[in-house]
Amino acid sequence: MRILLAEDDELLGAGLKAGLQQQGFQVDWVRDGVAAQRELLTGAYQASVLDLGLPRQDGMQCLAAVRRQKITTPVLILTARDGVPDRIAGLDAGADDYLVKPVDLMELAARLRALVRRAHGVAEPMLEAGALKMDPASRQVWLDDRLVELSLREYEILQIFMLHAGRVLTRTQIEQHLYQWGTEVSSNTVEVHIYNLRKKLRPDVIETLRGVGYMLPQQIRAEATNTKKGAA
Ligand code: CA
């Protein structure tokens, strides 16, 4: 999951970025409100962590501007302990959640996962596409109740597919979801991960629509079994 972090405090920002990366998030970090607005308007993020006290433009102005442009990316604001009016104003301006500093990293990660789930209309903590199941909290994946070992990158790609099950994704869209700025991506990286995902799961889990992109069906069928033999 790709997250935009807007925080001007160097120490706090570095800690949040490292902590969220440890929790499996891709984190892009900006340090002022103008950059935060510019990046949020790309719509490339699954969620954002927004400090309110930012240089050039405060977090509230940034949030209001982004919402005016109909960008619905979930935003969690960071507020000071005595900032009750800030919190209310932030929620009114279109924030989806808030946390009071100092931030507990595990709580922040859990809240971000919940925001992303809700944004995709998934109320249940587990993601499911028929026989394929994923638990974003533990980052575990099951196919036909068989636990499948995936690398972090394979997991992330599969999660993007599960959040968009039944919809065609182009390679560029997948890359946008995945990579931080400046990460060199060789032209076939996504293809290689998809190849490995098919090998570890099953070929039909990710369909290729030639010349268009890839799609994970909404209902992955259960593995064919031989229990029906002899049925009349
Ligand atoms: Ca600040």
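Is G53 buried, partly exposed or exposed? I looked this up in a predicted model, in which local features need pLDDT of at least 70 and side-chain atom pairs count only at pLDDT 80 or more, while totals for chains, interfaces and linings use all residues. Residues are numbered from 1 along each chain as its sequence is written, and side-chain values use heavy atoms, with hydrogens and water left out.

I found G53 to be partly exposed at 47% relative accessibility, where buried means under 20% relative accessible area, exposed over 50% and partly exposed in between (1.4 Å probe, protein chains only). D8 is also partly exposed, at 33%. I then listed the protein donors of the calcium ion, which are D8 (OD), D51 (OD) and G53 (O), at 2.2 to 2.4 Å from it; donors are N, O and S atoms within 2.8 Å of the metal (3.2 Å for Na, K and Ca), and since water is not among the atoms, sites may look incomplete.

**Nonpolar cores.** I next turned to the largest nonpolar core, which has 48 residues, and noted that L112, L132, L158 and L216 touch the most other members; such a core is a set of buried Ala, Val, Leu, Ile, Met, Phe, Trp, Tyr and Cys residues joined through side-chain atoms within 4.5 Å. This core lies between domain 1 (2-119) and domain 2 (127-215), because both give residues to it, the bounds coming from an automatic or database domain assignment. Apart from this core I noted another, of 19 residues, including L40, L52, C62 and L63.
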